Amino acid sequence: MTQADTETHAPPAAKLTLPTLTSMVVGSMVGAGVFSLPRLFAQETGVAGALIAWAVAGTGMLMLAFVFQRLAVRRPDLDAGVYAYAKAGFGEYLGFFSAFGYWASACVGNVTYWVLIMSTIGAIAPALGDGDTVLAVALSSVGLWCFFFLIRRGVKEAAAINRIVTVAKVVPILVFVVLALFYLKPHVFAENFAGADYAGSLFNQVKGTMLATVFVFLGVEGASVYSRHARRREDVGRATLLGFLSVFAIFASVTIVSYGLLPMSQIAELRQPSMAGVLESAVGTWGKVFVSVGLIVSVLGAYLAWTLMAAEVLFVAAEDEDMPRFLGRSTAADVPVPALLMTTLLTQVVLVVTLFSDDAFSFALDLTSALTLIPFLLAAAFALKTARARPGGDLAVPALATLYTAFLLYAAGPKYLLVSFIVYAPATVLFVMARREQGRRLFSPRELVILLVSIAGAVLGIVALALGWISL
């Protein structure tokens with residue numbers, strides 16, 4: 001290993017501007033989720049439920065976006081976004097869990113990209129199935145390690161690539177929306193308004209879509225994660241809001257216009273990426289091919305953005321001595337190689353786990369969302385805590401953001417929370433390593449309580465899986 005490989009505080013080669021930060025936010029958010037939205041929503045709700053769900057999710061995520069904007073300006077000393085806010089508000093151990101959970105959610109989210117790519121190609125290569133066959137996992141593994149070596153060489157510095165890929169993947173989505181509006185069938189849209197019989201009550205329809213909306217909005221905090229690289233601190237908040245508003249309009253449009261082309265029961269049975277099947281029903285085979293190509297470009301770009309973001313979280317946590325020191329090493333090109341390696345390894349492990357799941361894409365999507373909820377809740381609660389401590393502080397925004405993330409935990413249900421504990425509990429090994437490196441006491445009394453709760457949740461989750469109470 002060279003001296004450059006072991007450098008801990010290599011400075012970034014260039015500061016990020018507002019357009020670049022905004023591009024990173026949009027690039028992080030526009031990925032596998034948007035191409036899957038028609039089926040994800042049609043499995044749960046009709047048009048009325050979808051409109052309410054987007055209103056709830058849009059309002060809640062906008063409040064979170066405002067939270068990240070305000071914290072970026074008012075707490076410029078906190079340079080790692082979600083993780084830093086949890087640590088500052090609720091202590092080192094919960095801050096560690098927030099960093100690990102956010103990182104793990106990014107790794108699991110990356111699995112959805114490979115599953116979706118293989119499912120897309122599987123339409124013409126049946127051996128790949130829905131992206132969950134042995135061959136699909138093997139090819140995905142080759143792809144993720146190719147990305148590892150590519151990023152290892154310094155792709156982190158190529159911000160121009162991210163901007164180009166962002167444009168390339170947004171164009172097919174916008175074309176889809178325009179064509180869907182042109183071919184929209186009013187009677188089909190009207191039939192889908194109340195929802196199919198299997199959808200249940202309107203409340204259950206809305207509740208059932210919440211994890212999907214969390215997944216597609218992941219990345220709204222992306223500019224905060226890269227705040228240490230920003231040219232101007234205020235650009236972090238601006239990029240967050242600009243990215244959110246742009247992507248929200250895209251996501252809601254894709255979902256709603258799809259209900260005007262096919263009955264929701266048929267949309268619910270489409271293979272992923274369901275946007276391709278929806279457009280094929282309107283314009284023929286070329287529409288499916290067009291969307292499929294756009295998906296591959298989109299997903300590869302999002303995978304690059306999220307891999308970098310995940311490694312950045314581990315790197316900054318190690319610099320703050322909340323992760324073992326080896327994760328704080330970076331090259332002269334500012335690539336945190338050990339953190340990047342751990343990111344790739346966890347993604348690889350989850351890829352293999354998908355072989356044992358009933359629905360690889362849905363499993364990875366829901367687990368990604370569930371892992372993110374605790375970091376989001378802690379960040380929102382910290383903003384509320386900060387606002388209460390300020391004379392005349394505005395409590396409305398952080399209070400709504402906190403209520404929204406708490407509702408998401410309820411909507412997630414016990415299954416994915418228990419699986420999340422299985423992921424969280426073993427992570428304490430890294431926390432112990434960091435404390436031993438510093439010669440500090442391993443756990444305070446309060447931290448021991450948190451540890452016991454996480455272990456109990458993990459044990460219950462393992463028992464539930466073993467006895468068949470829950471399944472992957």
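Biologist: Is Phe-407 buried, partly exposed or exposed?
Modeller: Phe-407 counts as partly exposed, because its relative accessibility is 23% and the cut-off for buried is under 20%. Keep in mind that this is a predicted model.

Biologist: And what about Tyr-410, buried, partly exposed or exposed?
Modeller: Tyr-410 comes out at 49% relative accessibility, so that residue is partly exposed too.

Biologist: Where do Phe-407 and Tyr-410 lie?
Modeller: Both are in helix α19, residues 396–424. They are three residues apart, about one turn of the helix.

Biologist: How many aromatic pairs are there in the count?
Modeller: The count is 20 aromatic pairs. Phe-407 and Tyr-410 make a tilted pair, because their planes are at 40°, between the limits of 30 and 60 degrees. Their ring centres are 6.2 Å apart.

Biologist: Which residues form the aromatic cluster?
Modeller: Tyr-93, Phe-96, Phe-97, Phe-100, Trp-103, Tyr-424, Phe-431 and Phe-443 form one cluster.

Biologist: Switching to helix packing. At what angle do α5 and α18 pack?
Modeller: About 55°, with the axes of α5 (residues 82–90) and α18 (residues 360–389) 8 Å apart. The two helices are therefore oblique to each other, and α5 passes α18 in a left-handed crossing.

Biologist: Which residues make that contact?
Modeller: From α5 they include Val-82, Tyr-85 and Phe-90, and from α18 they include Pro-375, Phe-376, Phe-382 and Lys-385.

Biologist: What's the breakdown by class for α5 with α18?
Modeller: Eleven nonpolar residues, one polar and one charged.

Key: Residues are numbered from 1 along each chain as its sequence is written. This is a predicted model: local features need pLDDT of at least 70, side-chain atom pairs count only at pLDDT 80 or more; totals for chains, interfaces and linings use all residues. Side-chain values use heavy atoms; hydrogens and water are left out. Axes are lines fitted to C-alpha atoms, for helices over the stretch in contact, and angles run from 0 to 180 degrees between N-to-C directions. Helices (H or I, at least four residues) and strands (E, at least two) are DSSP runs, numbered from the N terminus. Angles under 35 degrees count as roughly parallel, over 145 as roughly antiparallel, 65 to 115 as roughly perpendicular and the rest as oblique. A crossing is left-handed if the near helix is turned anticlockwise from the far one by less than a right angle, and right-handed if clockwise. Contact means heavy atoms within 4.5 Å. Ala, Val, Leu, Ile, Met, Phe, Trp, Tyr, Cys and Pro count as nonpolar, Asp, Glu, Lys and Arg as charged, and the others, Gly among them, as polar. Rings of Phe, Tyr and Trp (its six-membered ring) pair if their centres lie within 6.5 Å; planes under 30 degrees apart count as stacked, over 60 as edge-to-face and the rest as tilted. Buried means under 20% relative accessible area, exposed over 50%, partly exposed in between (1.4 Å probe, protein chains only).
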